[in-house]
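Work through the exercises below with the sequence and the model in view. Try each task before reading its solution.

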Amino acid sequence: MLVDEIHWEINQTDPKRTIQVGSFRIMPDGSQRLSEIPYKQSTVQLTELLETACSKPGDYYQSVDKLTNTKIYRRQNRRDGQPASLKNLTLSKDIMKMLKFASCVKRVRCMM
């Protein structure tokens with residue numbers, strides 16, 4: 001779920017967008033050593049995405065696969081705006097808390 005959300009957000013980024021990076025130290029002549037890099041897949045973008053990723057578990061619901069009897073987590077709304085199939089839907093506060101902690105907070109802590 002976390003990887004899917006981040007991957008989708010990265011792909012929505014304008015490839016022409018850039019950000020300035022470098023030293024904010026001002027040289028004796030008044031200049032700065034700055035350069036521009038692509039924003040897409042930059043550390044800045046990934047940090048921003050990880051900061052907002054924990055709000056996404058509310059967009060998912062739990063379903064159980066009838067053949068394998070395994071839990072599956074699916075988006076409630078597709079990204080193209082069409083309603084998703086809500087078969088075998090299970091929603092509860094406990095599931096949302098579990099999704100937020102297990103799928104997001106725990107992994108984000110390990111990444112940082």
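**Exercise 1: a covered residue**

At 3% relative accessibility, Q45 counts as buried, where buried means under 20% relative accessible area, exposed over 50% and partly exposed in between (1.4 Å probe, protein chains only). This is a predicted model, in which local features need pLDDT of at least 70 and side-chain atom pairs count only at pLDDT 80 or more, while totals for chains, interfaces and linings use all residues. Residues are numbered from 1 along each chain as its sequence is written, and side-chain values use heavy atoms, with hydrogens and water left out.

Task: find where Q45 sits and which residues it touches, not counting residues up to four places away in sequence.

Solution. Step one: Q45 belongs to helix 2. Helices (H or I, at least four residues) and strands (E, at least two) are DSSP runs, numbered from the N terminus. Step two: apart from residues up to four places away in sequence, Q45 touches E9, I10, T13, Y39 and K40. Contact means heavy atoms within 4.5 Å.

**Exercise 2: a residue in a loop**

Task: decide whether R33 is buried or exposed, and find its place in the chain.

Solution. Step one: R33 lies in the loop between strand 1 (18-22) and strand 2 (34-38). Step two: its relative accessible area is 62%, so R33 is exposed. Step three: R33 and S23 are 10 residues apart along the chain, yet their C-alpha atoms are separated by 5.6 Å. Step four: leaving aside neighbours within four places in sequence, the contacts of R33 are V21, G22, S23 and M27.

**Exercise 3: a strand pair**

Task: describe how strand 3 and strand 4 pair.

Solution. Step one: strand 3 (residues 60-64) and strand 4 (residues 71-75) run in the antiparallel sense and share five bridges. Two strands pair if DSSP finds at least two bridges between them. Step two: Q62 has Y73 of strand 4 as its bridge partner, and Y61 stands opposite R74. Step three: the hairpin has six residues between the strands, and N69 takes a positive phi near 60° there. Step four: four of the five residues of strand 3 are buried.

**Exercise 4: the whole chain**

Task: state the order of helices and strands along the sequence.

Solution. Step one: count three helices and four strands. Step two: read along the sequence, they give the pattern α-β-β-α-β-β-α. Step three: of the 112 residues in the chain, 21% are buried.
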